[in-house]
Amino acid sequence: MMKKIGIALLVLLSAGLVFAQELDTPDPERIGVVAGQQKIKYVSIDKFETEGTWNVYMSSDEGVIKGRLFEGSPKDKEPIEDESGFNIPDEHVLGVRVDYFRRGYNSFTITPVRPLPVPGITKDVTVWVVGRNYNHVLKIMLKDFFGNNFELVGENNGKLNFQGWKKVTFTIPPQSGDGKHGIIQRDYHYNNRMGLKITGFKVECDPEDAYGSYYIYFDDLRAHTDLYAEESRDEDDMLDNW
């Protein structure tokens with residue numbers, strides 16, 4: 001009888017130890033969510049609705065490039081919840097045409113007239129693209145909080161080898177723990193200085209596909225961003241700009 005009681009106590013103590021370990025071990029996917037330190041939302045950066053707000057460039061010895069707006073939209077695009085009821089125009093897409101002079105490792109860029117700021121701490125950026133099933137590589141160009149320039153490829157190594165519209169995601173790697181390395185999105189000394197800027201897109205052409213004419217289309221540039229710090233600023237805090 002005493003032996004059975006001892007075994008039962010041992011089982012209960014073991015279960016309690018395991019339970020305590022589970023409580024003490026943080027779940028990386030829940031950090032911040034449980035503590036209320038994240039407020040992640042999709043925000044619209046640009047819908048490509050205004051002519052003349054994006055520039056296109058290609059070296060004059062590689063080919064000729066031009067861009068313009070067209071009516072259209074990806075049919076699978078989902079609206080942003082916070083924009084419901086505001087009747088925001090969303091009827092156009094940006095089209096870019098390239099006429100190559102010769103095969104080669106050509107490239108071209110699509111850039112906004114001014115860098116596009118993203119509020120909060122950006123987790124990823126998405127844009128709908130028609131790539132016309134070419135092996136060209138699409139990159140997004142960014143400027144971090146300190147003005148450093150970066151280029152990131154999207155999913156599938158940035159390849160544009162797909163038919164029709166596809167939402168391409170660019171994941172923003174987190175900065176280092178000391179806040180001094182990587183794509184830095186905030187000054188850890190202050191709560192009111194943060195964010196990065198989108199400076200455009202770059203297409204690096206596969207030389208086997210870089211001939212004739214090439215067409216690419218963009219729509220609905222968004223960011224998946226953490227707005228917790230943006231919306232929890234201390235209104236009584238002074239600005240260090242004097």
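Q: How many salt bridges does this predicted model hold by the rule used here?
A: The count comes to 10 salt bridges in this predicted model.

Q: What makes Glu-151 and Lys-139 a salt bridge?
A: The closest N and O atoms of the two residues are 3.8 Å apart. The rule asks for a Lys or Arg side-chain nitrogen within 4 Å of an Asp or Glu carboxyl oxygen, so the pair qualifies. Glu-151 sits in strand E9 (residues 149-153) and Lys-139 in strand E8 (residues 137-143), 12 residues apart, and the pair links distant parts of the chain.

Q: Why is Lys-139 called buried?
A: Its relative accessibility is 16%. Buried means under 20%, so Lys-139 falls in that class.

Q: Why is Glu-151 called partly exposed?
A: Glu-151 has a relative accessible area of 39%.

Q: Why is Lys-202 called buried?
A: Lys-202 has a relative accessible area of 19%, and the class takes values under 20%, so Lys-202 is buried.

Q: Why is Asn-157 called exposed?
A: The relative accessible area of Asn-157 is 61%. Exposed means over 50%, so the word applies. Asn-157 lies in the loop between E9 and E10. Its C-alpha is 7.3 Å from that of Val-137, although the two are 20 residues apart in sequence.

Q: How many cavities of 30 Å³ or more does a search of the whole structure find?
A: The search finds one. The largest cavity has a volume of about 50 Å³.

Q: Which strand gives the most to the lining of the largest cavity?
A: Strand E10 (residues 165-171) does, with three residues. The lining as a whole consists of Leu-138, Gly-154, Glu-155, Gly-158, Lys-159, Phe-162, Lys-166, Val-168 and Phe-170.

Q: What kinds of residues make up the lining of the largest cavity?
A: The lining divides into four nonpolar, two polar and three charged residues.

Q: Which residues touch the most other members of the largest nonpolar core?
A: Phe-108, Phe-201, Phe-218 and Leu-221 do, in a core of 40 residues. Strand E12 (residues 213-226) supplies the largest share of this core, five residues.

Q: What does Leu-221 touch, not counting residues up to four places away in sequence?
A: The contacts of Leu-221 include Ile-45, Phe-48, Trp-54, Leu-116, Val-125, Val-127, Ile-198 and Phe-201. Ser-44, Asp-46 and Thr-126 are also among them.

Methods: Residues are numbered from 1 along each chain as its sequence is written. This is a predicted model: local features need pLDDT of at least 70, side-chain atom pairs count only at pLDDT 80 or more; totals for chains, interfaces and linings use all residues. Side-chain values use heavy atoms; hydrogens and water are left out. Helices (H or I, at least four residues) and strands (E, at least two) are DSSP runs, numbered from the N terminus. Buried means under 20% relative accessible area, exposed over 50%, partly exposed in between (1.4 Å probe, protein chains only). On a 1 Å grid over the protein atoms alone, a cavity is a set of points where a 1.4 Å probe fits but cannot get out, and a pocket is an open set with protein on both sides within 12 Å along at least five of seven lines; lining residues have an atom within 4 Å of a point. Grid points are joined across faces, edges and corners, and a volume is the space filled by probe spheres set on the points. Ala, Val, Leu, Ile, Met, Phe, Trp, Tyr, Cys and Pro count as nonpolar, Asp, Glu, Lys and Arg as charged, and the others, Gly among them, as polar. A nonpolar core is a set of buried Ala, Val, Leu, Ile, Met, Phe, Trp, Tyr and Cys residues joined through side-chain atoms within 4.5 Å. Contact means heavy atoms within 4.5 Å.
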